[in-house]
Amino acid sequence: MTAIDKKSLIEQRVNTGLLGQWYPVAKSVEVKGTRPLGITALGQKLVLWRDGAGQIQCIEDFCPHRGAPLSYGEVHEGNIGCRYHGVVVNGEGVVVRVPAMPECALEGRKALASFEVFESNDAVFVYIPSAEQPEAPEFVLPQELASDEWTGFLCTAVWGTNYRYALDNLADPMHGCYLHSESFTLAYGSKQDLMKLDKTESGFHISRVGQVGENFDWSEFEVHPGNMFCFLDIPYPPAAGPGGFMRIVGMVLPIDETHCKVFFWRLRKVSGLARDSWRLLYRAKLEENHWNVLEQDRVMLEGMPDDARKREMLYQHDIGVSRIRQMLTRAAKSQVEAELAQSQAAE
């Protein structure tokens with residue numbers, strides 16, 4: 001294989017999404033025990049449902065009989081039945097029954113890939129294995145989602161853009177005072193500054209040099225062996241209720257090369273009556289403001305051409321954008337090399 005071919009494979013892997021990762025794929029309430037849910041992750045069609053014990057199962061969204069989407073079917077005694085001819089498959093991807101032909105040779109055969117699932121904080125996560133890491137590592141929760149001190153709400157949205165642009169957007173605090181200049185507290189602060197990048201134990205922190213606590217002034221990425229997430233703070237005035245600033249924890253699912261799904265937990269560190277008061281205030285008044293901000297991001301990113309990266313001219317403010325891209329490229333290179341080595345060994 002030439003260096004050009006390898007470079008192309010690495011770019012393709014970055015563009016479609018890294019393997020060997022836990023990805024959020026749906027809200028918990030979307031996965032039911034009465035009807036399956038079809039989703040797409042990294043271009044793969046998957047189906048999820050809850051079995052008789054309420055546990056979420058995930059397999060390929062493909063009936064082994066003729067290829068019909070299992071997500072069009074029904075849940076039967078904890079398994080999933082295809083609507084086309086009734087073939088029943090379990091959560092391990094094994095055909096358990098062919099109703100139209102008892103004792104069919106298909107019964108008992110493992111026909112589909114199954115995927116490990118983790119459910120936490122109102123979200124469902126699926127592990128997409130890689131050649132380097134076929135078994136799922138421990139899912140590392142953000143400290144805010146692992147603590148009872150924080151409370152908040154999960155919001156999700158599908159954006160018609162490659163997931164890389166959503167990550168770039170999170171690694172770019174300077175856009176806040178421009179794009180969101182008419183949005184609540186994001187209207188505050190200076191429109192000129194320099195950016196600073198600091199390495200952390202598990203990632204990096206990108207921040208404005210001359211301004212702190214006025215706007216969306218910093219963001220931080222944590223990268224672990226099986227997952228990655230970002231968090232940032234939005235300063236809030238006393239009129240926005242108890243708890244001080246709002247912390248946003250963000251994750252992104254690559255759906256395909258032109259679509260992604262963003263997951264944002266909007267959190268405040270409050271307890272007791274203040275906790276209940278803020279949750280009520282958020283639902284009644286603040287939530288609309290936050291959706292408006294997300295819509296501004298979505299519209300801007302969807303308006304950018306798919307090949308914008310090939311023509312852009314970066315400057316000092318983009319050091320966070322450059323860092324996240326470098327991290328993705330290094331990880332993709334390692335994955336592609338492991339796959340090529342595995343293929344050569346098999347030959």
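Student: What volume does the largest pocket have?

Tutor: The largest pocket has a volume of about 560 Å³. A volume here is the space filled by probe spheres set on grid points, which are joined across faces, edges and corners. Before we go on: this is a predicted model, where local features need pLDDT of at least 70, side-chain atom pairs count only at pLDDT 80 or more, and totals for chains, interfaces and linings use all residues. Residues are numbered from 1 along each chain as its sequence is written, and side-chain values use heavy atoms, with hydrogens and water left out.

Student: What makes something a pocket and not a cavity?

Tutor: On a 1 Å grid over the protein atoms alone, a cavity is a set of points where a 1.4 Å probe fits but cannot get out, whereas a pocket is an open set with protein on both sides within 12 Å along at least five of seven lines. Lining residues have an atom within 4 Å of a point. In the largest pocket 20 residues meet that rule, and the closest to its centre are Asp-172, His-175, Met-304, Asp-318 and Val-321.

Student: Which helix gives the most to the lining of the largest pocket?

Tutor: That is H2, with three residues. Helices H2 (163–170), H3 (176–179), H4 (272–302) and H5 (319–346) each supply at least two. Helices are DSSP runs of H or I with at least four residues, and strands are runs of E with at least two, numbered from the N terminus. By that rule the protein has five helices and 17 strands.

Student: How do you know that the radius of gyration agrees with a compact globule?

Tutor: The radius is taken over C-alpha atoms, and the globule rule is 2.2 Å times the number of residues to the power 0.38. For 347 residues, a compact globule would have a value near 20 Å; the protein has 22 Å, so the two agree.

Student: Why is Asn-121 called partly exposed?

Tutor: Buried means under 20% relative accessible area, exposed over 50%, and partly exposed in between, with a 1.4 Å probe and protein chains only. Asn-121 has 27%, so Asn-121 counts as partly exposed. Buried residues make up 49% of the 347 residues in the protein.

Student: What is the phi of Asn-121 near?

Tutor: Phi of Asn-121 is near 50°, a positive value in a residue other than glycine. Most residues other than glycine have a negative phi. Asp-122 also has a positive phi, of about 70°. Asn-121 is in the loop between strands S9 (117–120) and S10 (123–128), and Asp-122 is found in the loop between S9 and S10 too.
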